[in-house]
Amino acid sequence: MKIRKAVIPAAGIGSRLLPLTKAIPKEMLPVGDKPVIEHTVRELVASGITDITIVVSGGKSLIQDHFRPNPALVAQLRADGKSAYADAVEEVGELSRLGHITYLDQQGPYGNGTPVLNAARTAADEPMLVLWPDDVFVAEEPRAQQLIRAYESTGCPVLALMPMNPTESQRYGVPVVREDLDDGLLRISGLVEKPKPADAPSAYAAIGGYVVTPGIIDELREQTESWYAHRTGEVYLTDSINAYAANHAVYGQVIQGRWYDTGNPGDYLIAQFASALAHPDYGPLLRRQVD
């Protein structure tokens, strides 16, 4: 089945970036000349996704404002002779139409599985992509397209993977690899969350990007029902993937490209500098200042 839908969970408070994110959603912090969530939306649109659901919480109206078309502003800019600015504003509004962006308020227990389950109510029995809004990938082929290609060849859930330095295993979910199928496609049997280097089952890290299928959603639904019965713990997507992988095939796709995590101050700065240095105008300017 062709993947047409995607969900971007954007309900978090961005605690690792406080106080910067006290008033500004972390998804709206700039990387280069775009807010970080726009990089994700552009990646999805470029990969052929036609239905994007952004799951939000209170205080996230700036996200909607950013993507909402603004014909009055465009007309004013054109009247002022600022056509380039008008074109840029118009193009961002066009993303909302191309991606058919809709918004849902997050409802349910704490955990990153909840927004996925919220969005799945509109997906029926279709597979869908899940991308976190604080990841930026620079690649010739978009990460989303690489995941879609892996799903089309397997018909099974797929996780985005990248090689990791074994000493950093305690930062990531690390897949248990059962079979290497070439071209970066791996058969996996689950994830071990943040293992010590000596206990890491492979040299790969799950880095935020999934194709989830109805079977994963069923596991999420069971987790959520259990949470309401006992009111303990959290609902995590990883737990549902592990439960599903116990009896079904799950794959990992090693992503070709460069990954930037903007969810903590140090990595956010790295993403900022990398984006600026790669820019055709800003890059030379920065290098002149450094030299």
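**View 1. Strand β11 in the lining of the largest pocket.** In this predicted model, β11 contributes four residues to the lining of the largest pocket, the most of any element. The strand β11 covers residues 204-212. At least two lining residues each also come from β1 (5-10), β10 (185-193), α8 (237-245) and β13 (258-261).

**View 2. The centre of the largest pocket.** The volume of the largest pocket is about 1400 Å³. Its lining is made up of 39 residues, and those nearest the centre are R16, K26, N112, W132 and D134. Sorted by class, the lining holds 17 nonpolar, 12 polar and 10 charged residues.

**View 3. The second largest pocket.** This pocket has a volume of about 470 Å³. It is lined by 23 residues, with K34, H39, V136, F137 and V138 closest to the centre. Two or more lining residues come from each of α1 (36-46), β7 (135-138) and α9 (265-278). Helix α9 gives the most, with five residues. The lining of the second largest pocket consists of 13 nonpolar, four polar and six charged residues.

**View 4. The largest nonpolar core.** The largest nonpolar core contains 40 residues, and L44, I54 and L129 have the most contacts inside it. Helices that supply two or more residues to this core are α1, α2 (61-67), α4 (83-98) and α6 (143-154). Strands that do so are β1, β4 (51-56), β8 (158-163) and β11. Helix α6 provides the largest share, five residues.

**View 5. L44 and its contacts.** Which residues does L44 contact, leaving aside its neighbours within four places in sequence? They are A6, I8, I49, I52, L129, L131 and A144. Of these, L129 is also listed with L44 among the residues that have the most contacts inside the largest nonpolar core.

View 6. The buried residues of α1 are V36, I37, E38, T40, V41, E43 and L44. An α-helix has 3.6 residues a turn, so residues three or four places apart point the same way. Just after α1 comes G48, which has a positive phi of about 90 degrees.

Definitions and conventions. Residues numbered from 1 in each chain as written. Predicted model: local features only at pLDDT ≥ 70, side-chain atom pairs only at ≥ 80, totals over all residues. Heavy atoms only, no water. 1 Å grid on protein atoms, 1.4 Å probe; cavity = no way out; pocket = protein on both sides within 12 Å on 5 of 7 lines; lining within 4 Å. Points joined across faces, edges and corners; volume = space filled by probe spheres on them. Nonpolar A, V, L, I, M, F, W, Y, C, P; charged D, E, K, R; others polar. Core = buried A, V, L, I, M, F, W, Y, C linked by side-chain atoms within 4.5 Å. Buried < 20%, exposed > 50% of the residue type's maximum accessible area, 1.4 Å probe, protein only. Contact = heavy atoms within 4.5 Å.
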